[in-house]
Every structure is written in structure tokens, then in C-alpha cells.
Amino acid sequence: MKKVLTLALGVMTAIGGFMDIGDLVTDALIGARFGLSMVWVTVVAVIGITAYSEMAGRVAAATNRTVFDLVRERMGAGIALCNVLASYTVTALTLVAELCGVALAFELATNVHYLLWVPLVAFLTFLVVWRMPYEHMERLYGVLGLALFVFVAAVWHFGPDWGQLFHDVTHPLIPRGEGRPTYWFYAIAMLGAQMTPYEVFFFSSGVVEHHWSRDNLTEIRANTLVGYPVGGVLAVAIQVVAYLILQPQGIEVKQLSQTVLPVVLAFGQAGLAFAIVGIVAATFGSALETLLSSGYIVAHHFGWRWGKFESPVGATRFATLLIVTLLGAAAFALTTIDPIRITIYAVYLGAATLPFTYIPILVIANDRQYLGDLANGRLANVLGVVYLLVVTVAALAALPLLISTKGGL
Amino acid sequence: MRSRHGIAAAGAVLLLLPACVGPARTEADYRADASNAAKTAISALESAQLTVQTVVDGKASAVYASLRLTEDEGEAEAAIVAFGSVQPPNEEMQRLRADVLGLLQQANTLLADLRIAAFRGDHGHLDAIAQPLQPTADKLQRYEHPGR
């Protein structure tokens, strides 16, 4: 019974962990602007993140070492350092977006400007990372994040024509007035939002933090194979309600408050309360994940002592890096830079750096010296190679599309 | 080493390029700017209408309604600033500028009135104040899709 409960909690954590500010913004924005023509991107992204997280988790369970630790050993310090720089930059930028996301959710509840909430959110993030045990931290936001299922309930409430929805999903068309480059710009943004590199780093580090081993492969597979796809259902639900309610009115989603507008129409203040709880949990959880991931990336590369199970005195460089990253992210958020724009750029740059994350994982997951009988099988390798091609094409197209569309305008 | 610096500088310039918005050089560019401004304002007006509907139906809290309407007003203001700062290439486009800016200003005033009423808690009158939103959005549609 205890094992089942642990499995269920882990899966819920993965579901909550899948959603972050990048998803909340891009799903609603794309649903309102492109209808259901990008649901296929969510399907592609969910399969990809599931496959690579399972690989990264398996590597960590088999070796008790994390991705960046093995990358340096297997691929050399130079290449690994480039990987660290790119991954740290994107993860820190994502942290800025997540801090803003929590602050925007507080603004939704209070109408107090989000910038006033940013320092408090940063302080809360610091407190939780410092004081709360790893498992409690993970499960609390994971379970509360399930409040976002209010978006799924809203889809049912609006009683859509399911046949039409299915047709729109399976026959994706670029809406009139939208150019092909803009469509592909947002397709890459969505891929980046749903295959965020930090999720893989965090999952892999979490396996080590939990002291999971080969005996815990069931937990690792349940978290990825169930958690992420159910998280994908949430993402599609947000796209669908935006498509049903916002697109017919010609509403462009530029604020988080517009993401929840369909839920308010459906369920009133109770719906809004659920949505706010879900958004706070999802974005706060992601702020913790991105902050810890930024520390993990650097600490694993340089071989520092790291982890929440280490006291700050025992892992001073790791702890200092976390504080500096958090202060830097909060300061950047306070520059009044548009939080929605920064979110779009963070997920977009995330997509551009995906090959840096995925190539080493695929290489190491095939190395029988490290993994023995847990090395990739045929299915994992086929998926791994196909997705490597997908993310490489997306990464190569990212910069030209960013310029030609003026950032998706 | 020098070539590495060159690549880094070129990369930085490429990344910053999308942030640069130059003056509209042709009529087509200017019409596209007008269309974008109209689209943003229509979105703000429609978004405000949905928000008012939630208030009238007793579904939205005063806090949420105030926030939503403030943001819609901000969007309309941003459209005025962005479009107003672009230089019209000829006299015909200057007339277009006057027409579009007039409508954008009208939209902004309407949204400001709604925001003020919502802040005062005057929810009973929001519906009446919101009446001109749709006609204004309809007029702006002519500029969003000039060919229609």
C-alpha cells in the first residue's frame, strides 16, 4: 500500500512538475492565436520529454551519477563546459520567468502589482530551498498543481463539438492572417515550453537526491510514462479553452489573467481560486526546480558537493551559487521587463539548446560500461535518434525564425 | 581568438536585431503597422467585453475585474504609443494615421471608463459603459483587414 501511495505521489509530482509558466503562457497564447493546429506539437513534446527523462533517470539510477557529471567524463571538459554555459543561461532565464509567474498569480488574487511580489517570491523560494525537506517540497507543489485540472473541467463545461475538435486537431491548418514563419516560431516555442531542459536535469538529480537505484526503476518509469502524458492533457486543455472562448473573439493572450478568463466564465470565483492555486503551485514548484537545476548543472560539472541533503556549510559553493542565481534572477525580473515576453524567449532559447541536453544523454544511455544491462534498447534508441533530429532541426531554425518574425509578432 | 570575438559579436547583434523596430518605409509597411495596432486594440476591447460579462453574471471578483480591465487599457495604450511613434510615409498614410489613432484613442477612453467604474465598485453600470465597445471594435476591424 505504501509503495502504491509513493508511486501515486511521484506521478502527481510529475504531472504538476510538467506545467510551468512557459506552458501556461504558450498554451493559451497558441490556442487563442492558432486554435488546435499545434496540439500535435504537444504530443511530439510529451513523447520526447518522456523518453529522455526516462533515459536520464535510468542513467542516474544505474550509476548514482547525474547527467552533467557523466558528460564531462565521457565527452571532455571543453564540450561539457559549453553545455554547462548554455544550459545554465537558459535555466536561469527560465527562473526569471517562473519568479514573475508566481508574482503574476499573486497579482491575480490581490491586484497588487506583480513587481511588488517579486522580492517576496524570491525570499519564499530561498526559504523553501533552504528549509523544506526535498520530498515534502516536491510533493506539495506537485499535488497542489493538480488544481490546474480546472481547465480540463472547463472544456467539459463548455460542451464543445468533439467531432469538430478532433477534426481540428488531426487536420492542422495555419489560420488566415498568420504566416508560416510565425507558425513555426510558435511551434518551436511550444516544443521548448514542454521539453524544457531543466526538467531533465532536475529529474536526473532527483533520482540521486532520493538515493534511488536499479530497484526504483518502477518509480522512475511510472513518473515519466504516466506523469508527463497526463501533464500533456492539462496543456491541451488550456489550448482547447483558449480556442473555444478567446479565438472566436480575436483575443490575443498577452497576460496571465487572460489565460484564466475561460475558467472564470465557466466556474466563476471558485474556478478562479482553483486556477490561481494551480498556477502558484506550478510556477513556484518550477521556480524551485529551475533554481536547484541551475546549481546542479554547475556543481555536477565542476565536481562540487551539492544537493538539498547537504547542509549549506557542507556544500558552500553550491549554496552560494544558488543564492547568487536567485538574487540575479530577482534583480532581472525587477527591471520591469515584460514577464510574458521573457517567458516566450526563455522557452524559445530552451528549444534552441535542447540538443546540448539530449546528445550526451543518448550517448551515455548507450554506454554499456556505465549502464550494463540497463543500457538503451532498440525502442529507446529509435525514439532517441528521431527526437535528436527533431530538436536539432528546431535549434537550427530557431535563430532565423526569431529574426524573420521579429520574435513572433 | 579574434575570429571567436567576431563570432560572439555577430551573435549578439543577431540576437538584438528583433528588438529593433525601424520607421515604416513603404505604404504596405505602414498599413501593416496600422493593422497590428487595430488588432491589439480589438483584442483589448473583446477581452474587456468578456470580463464585463463575467462581472454581470456575478462570476468575477472585483479584484479580478479591476485587474483585467486595467490590463486591457494598458494594451490599448501600448498600441497607441507603438503606432503613434511610426512615421507615415506620405499624406495618404498621414490620414490613415489620424483615423486609426482616433479610434485607438476612443477605445482607450472606453477602457479607462470601465476600469474607473470597476475600481469604484460601480458594477451595476459596467454593462451600460461597455455598450460602445463592440461598435468601436467593428470600426477598427476595417483597419485590421483593409482588403475586406
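This is a predicted model: local features need pLDDT of at least 70, side-chain atom pairs count only at pLDDT 80 or more; totals for chains, interfaces and linings use all residues.

User: Let us begin with the interface. How is its extent expressed, and what area is buried between chain A and chain B?

Analyst: The size of an interface is often given as the accessible area lost when the parts come together. Between chain A and chain B, about 2500 Å² is buried, and carbon and sulfur atoms give 59% of this area. Chain A contributes 30 residues to the contact and chain B contributes 25 residues.

User: How many residue pairs are in polar contact between chain A and chain B, and which elements of chain A touch chain B?

Analyst: Eight residue pairs are in polar contact between the two chains, counting pairs with both residues at pLDDT 80 or more. On chain A, the elements that give two or more residues to the side touching chain B are α5 (77–110), α12 (217–246), α13 (256–259), α14 (261–302) and α19 (378–404). The largest share, seven residues, comes from α14(A). By class, this side of chain A has 14 nonpolar, ten polar and six charged residues.

User: How many salt bridges cross the interface of chain A and chain B?

Analyst: The rule finds two salt bridges across this interface. Lys254(A) forms a salt bridge with Glu75(B), with 3.7 Å between the closest N and O atoms. Glu75(B) is also in contact with Gln255(A), as are Ile340(A) and Glu71(B), when neighbours within four places in sequence are left aside. Gln255(A) lies in the loop between α12 and α13 of chain A. Its relative accessibility is 18%, so Gln255(A) counts as buried, the limit being under 20%.

User: Where does Ser61(B) lie, and what is it in contact with beyond its sequence neighbours?

Analyst: Ser61(B) is in the loop between α2 (27–56) and α3 (62–84) of chain B. Apart from neighbours within four places in sequence, Ser61(B) is in contact with Gln269(A) and Leu272(A). Within chain B, the side chain of Ser61(B) reaches the backbone nitrogen of Tyr64(B) at 3.1 Å. With 17% relative accessibility, Ser61(B) counts as buried.

User: How many helices and strands does chain B have?

Analyst: Chain B has six helices and zero strands. Buried residues make up 41% of its 148 residues. Among contacts in chain B between residues at least 6 apart in sequence, 76% join residues at least 24 apart.

User: How should I read salt bridges within a chain? Which partners does Arg68(B) have?

Analyst: Arg68(B) meets Glu71(B) in a salt bridge at 3.7 Å, N to O, and Asp72(B) in another at 3.0 Å. Arg68(B) and Glu71(B) are three residues apart in helix α3 of chain B, so about one helical turn separates them. Asp72(B) and Arg68(B) are four residues apart in helix α3 of chain B, about one turn of the helix. Arg68(B) is buried, with a relative accessible area of 0%, and Glu71(B) is buried at 12%. Asp72(B) is buried as well.

User: Which parts of the chain does the pair of Arg221(A) and Glu54(A) link?

Analyst: The side chains of these two residues meet in a salt bridge at 2.9 Å, N to O. Arg221(A) is in helix α12 and Glu54(A) in helix α3 of chain A, so distant parts of the chain, 167 residues apart, are linked. Arg221(A) is partly exposed at 34% relative accessibility, whereas Glu54(A) is buried at 11%.

User: Turning to aromatic rings, what geometry do Tyr52(A) and Tyr358(A) show?

Analyst: Ring pairs are read from the distance between centres and the angle between planes. The model has 15 aromatic pairs over all chains. Tyr52(A) and Tyr358(A) form a stacked pair, 4.0 Å centre to centre with 5° between the planes. Tyr52(A) lies in helix α3 (residues 39–63) and Tyr358(A) in helix α17 (residues 354–365) of chain A, so the pair ties together parts that are 306 residues apart in sequence. Both Tyr52(A) and Tyr358(A) are buried. Trp156(A) and Trp162(A) form a tilted pair, at 5.1 Å and 50°. Trp156(A) is exposed at 60% relative accessibility, and Trp162(A) is partly exposed at 43%.

User: Finally, is Val129(A) buried or exposed?

Analyst: Val129(A) is buried, at 6% relative accessibility, and lies in helix α6 (residues 114–131) of chain A. Val129(A) and Leu288(A) are 159 residues apart in sequence and 6.8 Å apart in space, C-alpha to C-alpha. Beyond residues up to four places away in sequence, Val129(A) touches Leu288(A), Leu291(A), Leu292(A), Lys308(A) and Leu322(A).

Methods: Residues are numbered from 1 along each chain as its sequence is written. Chains are lettered from A and ligands numbered from 1 in the order in which they are written. Side-chain values use heavy atoms; hydrogens and water are left out. Rings of Phe, Tyr and Trp (its six-membered ring) pair if their centres lie within 6.5 Å; planes under 30 degrees apart count as stacked, over 60 as edge-to-face and the rest as tilted. Buried means under 20% relative accessible area, exposed over 50%, partly exposed in between (1.4 Å probe, protein chains only). Contact means heavy atoms within 4.5 Å. Buried area is the accessible area (1.4 Å probe) that two parts lose on being put together, summed over both. A salt bridge is a side-chain nitrogen of Lys or Arg within 4 Å of a carboxyl oxygen of Asp or Glu. A polar contact is a pair of N or O atoms within 3.5 Å; within protein, one must be able to donate a hydrogen and the other to accept it, and residues adjacent in sequence count only if both atoms are side-chain atoms. Ala, Val, Leu, Ile, Met, Phe, Trp, Tyr, Cys and Pro count as nonpolar, Asp, Glu, Lys and Arg as charged, and the others, Gly among them, as polar.
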